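Take a look at the structure below.

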Amino acid sequence: MMYLIYSFSAQTGEVSGNLSYKISYQIVETKNEILNENKTYDELASAADGIHYYVRKAAHMTEYFLLAIAISFPLYVYGVRGIWLMLLAGIVCVGFAGLDEYHQSFVANRGPSVKDVGIDSIGAFLGILLVQMFCWSTLHNPSGSGRHSSKKKSKKRHH
């Protein structure tokens, strides 16, 4: 995931902008087809311009959401939980976001942005929370498939 983020950041501003614009255009074109809006090319292009910024920022959040899951899940499995998981995974993700923005300062037509680190951090925070909630809910599942229920079963077998 870090390599993927790094490779996206290594794209020039023009290449990166064109990629996210294509995605923006595809979104408005699909909406146009589904809702039978019959918009012209110029109307679609204008609508794509209108959402382009949000598509770019959603991509930032998504990258760091996935990075946080990739970092948090193994940490959780190895016993890092609660506030320590938030801190450790958060420091790694936010630290990488800062380094990634610094890296962008060396790429043509790109520059570092504190705002992007903030957006990346929101995605990371959501990913860490998802891992915490998912792992906690599966370990504390009252239906009998979690860790706690197997302890009860093993105690019953010894009697």
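Helix α1 passes helix α3 in a left-handed crossing. In this predicted model, α1 covers residues 2-9 and α3 covers residues 41-77. Two numbers describe such a pair: the angle between the helix axes and the distance between them. Here the angle is about 155°, and the axes lie 10 Å apart. An angle over 145° counts as roughly antiparallel, so α1 is roughly antiparallel to α3.

Which residues make the contact between α1 and α3? From α1 come Met 2, Ile 5 and Phe 8. From α3 come Glu 63, Tyr 64, Leu 67 and Ile 71. Sorted by class, this contact has six nonpolar residues, no polar ones and one charged.

Nonpolar side chains tend to be buried together in soluble globular proteins. The largest nonpolar core in this model has 18 residues. Tyr 64, Leu 67, Tyr 76, Cys 93 and Ile 128 touch the most other members.

Set aside its neighbours within four places in sequence, and Tyr 64 is in contact with Ile 5, Cys 93, Phe 96, Ala 97, Asp 100, Asp 120, Gly 123 and Ala 124. Ile 5 belongs to α1 and takes part in the contact with α3. Cys 93 is another of the core residues that touch the most other members.

Now move to Leu 88, in helix α4. Is Leu 88 buried or partly exposed? Its relative accessibility is 40%, so Leu 88 counts as partly exposed. Leaving out residues up to four places away in sequence, Leu 88 touches Leu 75 and Val 80. Ser 72 is 16 residues from Leu 88 in sequence, and their C-alpha atoms are 8.6 Å apart.

Asn 32 sits in helix α2, residues 13-34. Its relative accessible area is 10%. Buried means under 20%, so Asn 32 is buried. Beyond four places in sequence, Asn 32 touches Glu 37, Asn 38, Lys 39 and Leu 44.

Finally, step back to the whole chain. The protein chain has six helices and zero strands. Its pattern along the sequence is α-α-α-α-α-α. Of its 159 residues, 33% count as buried. Among contacts with a separation of 6 or more, 69% join residues 24 or more positions apart.

Conventions: Residues are numbered from 1 along each chain as its sequence is written. This is a predicted model: local features need pLDDT of at least 70, side-chain atom pairs count only at pLDDT 80 or more; totals for chains, interfaces and linings use all residues. Side-chain values use heavy atoms; hydrogens and water are left out. Axes are lines fitted to C-alpha atoms, for helices over the stretch in contact, and angles run from 0 to 180 degrees between N-to-C directions. Helices (H or I, at least four residues) and strands (E, at least two) are DSSP runs, numbered from the N terminus. Angles under 35 degrees count as roughly parallel, over 145 as roughly antiparallel, 65 to 115 as roughly perpendicular and the rest as oblique. A crossing is left-handed if the near helix is turned anticlockwise from the far one by less than a right angle, and right-handed if clockwise. Contact means heavy atoms within 4.5 Å. Ala, Val, Leu, Ile, Met, Phe, Trp, Tyr, Cys and Pro count as nonpolar, Asp, Glu, Lys and Arg as charged, and the others, Gly among them, as polar. A nonpolar core is a set of buried Ala, Val, Leu, Ile, Met, Phe, Trp, Tyr and Cys residues joined through side-chain atoms within 4.5 Å. Buried means under 20% relative accessible area, exposed over 50%, partly exposed in between (1.4 Å probe, protein chains only).
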